[in-house]
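I opened this structure today to take notes.

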Amino acid sequence: MERAKDVAACGEAAIKLHRHLGEMGNTQEQVEVLQNLLARYGIQRDKNVVEAHKIMIERATQSGRKEEVRRMLLALRLMAATPPPDLGLMDALIRWAEAAQLQDLQREIAEQAYALPNLPSVQQLPFAKILVKIYDQQKQEDKAKQFREIVARIEKEEKVRALSVEIARNFEKKDYVAGEKKCRDLGELIPEDSNPWYNLACAL
């Protein structure tokens, strides 16, 4: 580990050594290995650095050391939100905060993830669903209602987008029977839009 010249090599060596020490039952040395890695590269975006944080967070959670978990999650939140954002890590942070019973921090991370700049609505959707659950648990009825409406809107948009692609594909293949059904489905989703009904007339 000491001879490793960069975060990737050091991280890989640390995780391998951590596993080896675990097999030998040297739990204290396991912790020291990960602490050394995080002291050296703790704020760098690397899969093994994140894995080290995960292991340390799980240890602290199991021991009830909430403030230690909070500090690690806050540091990782900055890493995850740095452009380009790491949405997978954001999702993991939300789950780790929930496991540690840090409800306010869980909500803050979910709100930040949902509001990340230039995030497509389809990527906002998982965080919107999480926020519905959190607001329900925290009895914030107005916000829960607001995000249920957001979830419904995004899901509708995704259905419209998917059906539009399928209809175009059906027409390209001259599969008008399948196209007819999908035009009807699309028309029911967006009755105010004339395009599905025009396409339906073409399919008949």
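**Entry 1: overall fold.** I counted the secondary structure elements and found 10 helices and zero strands. Read from the N terminus, the order is α-α-α-α-α-α-α-α-α-α. I then checked the spread. The radius of gyration is 24 Å, well over the 17 Å that the globule rule gives for 204 residues, so the protein is more spread out than a compact globule. I note that this is a predicted model. Along the principal axes, the C-alpha atoms fill a box of roughly 75 × 45 × 30 Å.

**Entry 2: surface and contacts.** I looked up the accessible surface, which comes to about 12200 Å². Carbon and sulfur atoms hold 51% of that surface. Of the 204 residues, 40% are buried. I also looked at contacts between residues at least 6 apart in sequence, and 49% of these join residues at least 24 apart.

**Entry 3: the cores.** Which residues touch the most other members of the largest nonpolar core? I found L73, M90, L93, W96, F127 and F147, out of 55 residues in that core. At least two residues each come from α1 (7–24), α2 (27–41), α3 (47–62), α4 (66–81), α5 (87–99), α6 (103–114), α7 (121–137) and α8 (141–172).

**Entry 4: W96.** I picked W96 and left aside its neighbours within four places in sequence. The contacts of W96 are then V50, K54, I57, L73, L76 and L89.

**Entry 5: helix α9.** I tested the length of α9 (residues 176–189). At 1.5 Å a residue, its 14 residues should span 20 Å, and the end C-alpha atoms are 20 Å apart, which agrees. Next I listed the buried residues of α9: A178, G179, K182, C183, L186 and G187. These cover an arc of only 165° around the axis, which puts them on the same side of α9. On the face turned away from the buried side of α9, I found the exposed residues V177, K181 and E188.

**Entry 6: N48.** Is N48 buried or exposed? N48 has a relative accessible area of 14%, under the 20% cut-off, so I list N48 as buried. N48 sits in helix α3. Beyond its neighbours within four places in sequence, N48 is in contact with A8, G11, E12, I15 and L37.

Note on methods. Residues are numbered from 1 along each chain as its sequence is written. This is a predicted model: local features need pLDDT of at least 70, side-chain atom pairs count only at pLDDT 80 or more; totals for chains, interfaces and linings use all residues. Side-chain values use heavy atoms; hydrogens and water are left out. A nonpolar core is a set of buried Ala, Val, Leu, Ile, Met, Phe, Trp, Tyr and Cys residues joined through side-chain atoms within 4.5 Å. Buried means under 20% relative accessible area, exposed over 50%, partly exposed in between (1.4 Å probe, protein chains only). Helices (H or I, at least four residues) and strands (E, at least two) are DSSP runs, numbered from the N terminus. Contact means heavy atoms within 4.5 Å. The expected span of a helix is 1.5 Å times one less than its number of residues. The arc is that of the directions from the helix axis to the C-beta atoms. The radius of gyration is taken over C-alpha atoms; the globule rule is 2.2 Å times the number of residues to the power 0.38. Accessible areas come from the Shrake-Rupley method with a 1.4 Å probe; for residues, only the protein chains shown count as cover.
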